[in-house]
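Open the model in your viewer and keep the selection tool at hand. Each stop below says what to select and what is there.

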Amino acid sequence: MSKLKQRIANTEAAEVPISSMIDIVFLLIIFFIVTATLDKEAEDQAIILSEAPHGRPVTKQDPRTVTINVRQDGTITMGARLVSPAQITQMLEDIKRTADDPMSIPIVIRGDHNAQHYHISKALEAVKATGLYKVSLTGRKED
Amino acid sequence: MAKREKTTVAPPPDASFPLSSMIDVVFLLLIFFILTQKPIVEDVQMNVQLPAPDPSNNELPAIPITVEVNKYERDNFDEIDARLAATSDPNEQAKILSEVRAYYVLNGSVPIPLDKLRTHLTNIAKGDADSTIMIKCDPSAKHRKLVLLLDLCSDLELNSLQLVENPARPYVPDPVEKR
């Protein structure tokens, strides 16, 4: 074998290391799938929150938190369901019956920035009727 | 004797994955998820207190500080014009005009914009950060104005906020948007 042929045989193929790249790509995919499905079901995507630049960001959410969404037209949703104020009271009463320390259940009201306060107050009245008092309104930090 | 036929063993089939097409699919998925990923919006929550269901149980602060959120905004001049045209009393007209650029009413005085309200509330917060602020929101006002006020109070660390009804104001529904 000539020297030249030997040198060519010894040269490794200049391939991209595919297997490690696939590892990274799969990790990225899994990350995006997981974060996409975590897109909280409780939040109504039709709602644009008001700006609240100074508010305290939500760091640790109580898992019992009940989220009530109020759309611009006054439609109220909980989870993916349209509800009436009477149904909110009913559902909260049911939750109260089953939970321990029911009075500390946090209620979060996510109102659309263009909704009139009348609609928000309907939801607040429904909460008030159950006696639950840990109520907070939601805004968003940035655009 | 017949010559024994030479048996040839077929080379084993290539047992590797079709990597290149899989990478194509994986990259497509990756690009799809990157593109559909929404920017992370940080939600903020502002606590409010509601009055007790039974009005007799309500403890009102000794010196109540009330902030009214009214409905007027800079952009609804048509309505202001209509109201100005409806009255000929100059005092009434002056009152209407004072509301045009005003959003909030502190302790029942004249309507003021948010930056002026900030000055007043800063003084209140310096005096007593535990002061209870009673917020009366006009039912016709947009929710964002209430959130702005709550955000201001949160910034000034005024944490005792009570949201009360404002029965003095009528509810005027917004005109239905044509879609």
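The tour follows the interface between the two chains.

This is a predicted model, in which local features need pLDDT of at least 70, side-chain atom pairs count only at pLDDT 80 or more, and totals for chains, interfaces and linings use all residues. Residues are numbered from 1 along each chain as its sequence is written, chains are lettered from A and ligands numbered from 1 in the order in which they are written, and side-chain values use heavy atoms, with hydrogens and water left out.

Start with both chains. Select the residues in contact (heavy atoms within 4.5 Å): chain A supplies 52 residues and chain B supplies 45 residues. The two chains bury about 4,300 Å² between them, 61% of it on carbon and sulfur atoms. Buried area is the accessible area (1.4 Å probe) that two parts lose on being put together, summed over both.

Next, select A:Q116, A:H117 and A:L137. In chain A these lose the most area to chain B, together 17% of what that side buries.

Now look for polar contacts (a pair of N or O atoms within 3.5 Å; within protein, one must be able to donate a hydrogen and the other to accept it, and residues adjacent in sequence count only if both atoms are side-chain atoms). Between chain A and chain B, eleven residue pairs are in polar contact, both at pLDDT 80 or more.

α2(A) gives the most to the side of chain A that touches chain B, with ten residues.

Key. Helix = DSSP H or I, 4+ residues; strand = E, 2+ residues; numbered from the N terminus.
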